[in-house]
Amino acid sequence: MFKKILLASAVAVTALTSNIAIAADEYNVSSGMTAANAPLGLHGVDTVAFIATGNRIQGAAKFAAVHDGVAYYFSTQENLDTFNANPGRYIPQNGGFCTFGVSVGKKFDGDPRWADVRDGKLYVFLSEAIFDAYQKDPEGTIAKAEANWKQIRSTAARDL
């Protein structure tokens, strides 16, 4: 009986840590786990509200959704339901990493304080200075980031 419990525990831990490894490599997330048992994406900002209004509204744990191993918080049940109906439309581009960083082959923190919504897609940036650099050629930066993301998506940030 003890061996079965030990084996089941090992399988559960392996499954949990394998999900975390994928999220850590492909998504910009906070350290630690949320009550939804996944790391937090986009610093807890409500992505649906941000894309719809351009306002950085903090979400709440009671309105959490987990998509692809990442928890996202929303400010209302309506926004949570909207996200759940089409999560791919609302997750930040480039896994939530800094779009400018991805355009040069790096994975830097994407901070929603410096962000842009273009064609209904959310792009986040490391800092105000990086955001200012992006604004000089947004289309070029996005195009480079899209091309690079295909190459670096599954590479750990520390390996870039």
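Which side chain meets that of R153 in a salt bridge?

Modeller: The model is a predicted one, and within it the side chain of R153 meets that of D68 in a salt bridge, with an N to O distance of 3.9 Å. R153 belongs to the segment after α7, whereas D68 sits in the loop between β1 (60–67) and β2 (70–74), so this pair ties together parts that are 85 residues apart in sequence. The cut-off for such a pair is 4 Å from nitrogen to carboxyl oxygen.

Helix α7 comprises 15 residues, 138–152, and at 1.5 Å a residue should span 21 Å; its end C-alpha atoms lie 20 Å apart, which agrees. The buried residues of α7 are P138, G140, T141, I142, A145, W149 and I152. An α-helix has 3.6 residues a turn, so residues three or four places apart point the same way. Within α7, the buried list includes I142, A145, W149 and I152.

R118 lies in strand β3 (residues 111–118) and E139 in helix α7, so the pair ties together parts that are 21 residues apart in sequence. Here R118 is partly exposed at 29% relative accessibility, while E139 is exposed at 52%. The pair belongs to a network of salt bridges that links D116, R118 and E139.

A further salt bridge joins D111 and R113, with the closest N and O atoms 2.7 Å apart. D111 is buried, with a relative accessible area of 7%, whereas R113 counts as exposed at 53%. By the rule applied, the count for the model comes to four salt bridges.

To place these details in the whole chain: the protein chain has seven helices and four strands, which run α-α-β-β-α-α-α-β-β-α-α from the N terminus on. Of its 160 residues, 40% are buried. Among contacts between residues at least 6 apart in sequence, 56% join residues at least 24 apart. The chain exposes about 8,600 Å², of which carbon and sulfur atoms supply 55%.

Technical notes:
Residues numbered from 1 in each chain as written. Predicted model: local features only at pLDDT ≥ 70, side-chain atom pairs only at ≥ 80, totals over all residues. Heavy atoms only, no water. Helix = DSSP H or I, 4+ residues; strand = E, 2+ residues; numbered from the N terminus. Expected span 1.5 Å × (residues − 1). Buried < 20%, exposed > 50% of the residue type's maximum accessible area, 1.4 Å probe, protein only. Contact = heavy atoms within 4.5 Å. Areas by Shrake-Rupley, 256 points an atom, 1.4 Å probe, with all protein chains shown as cover.
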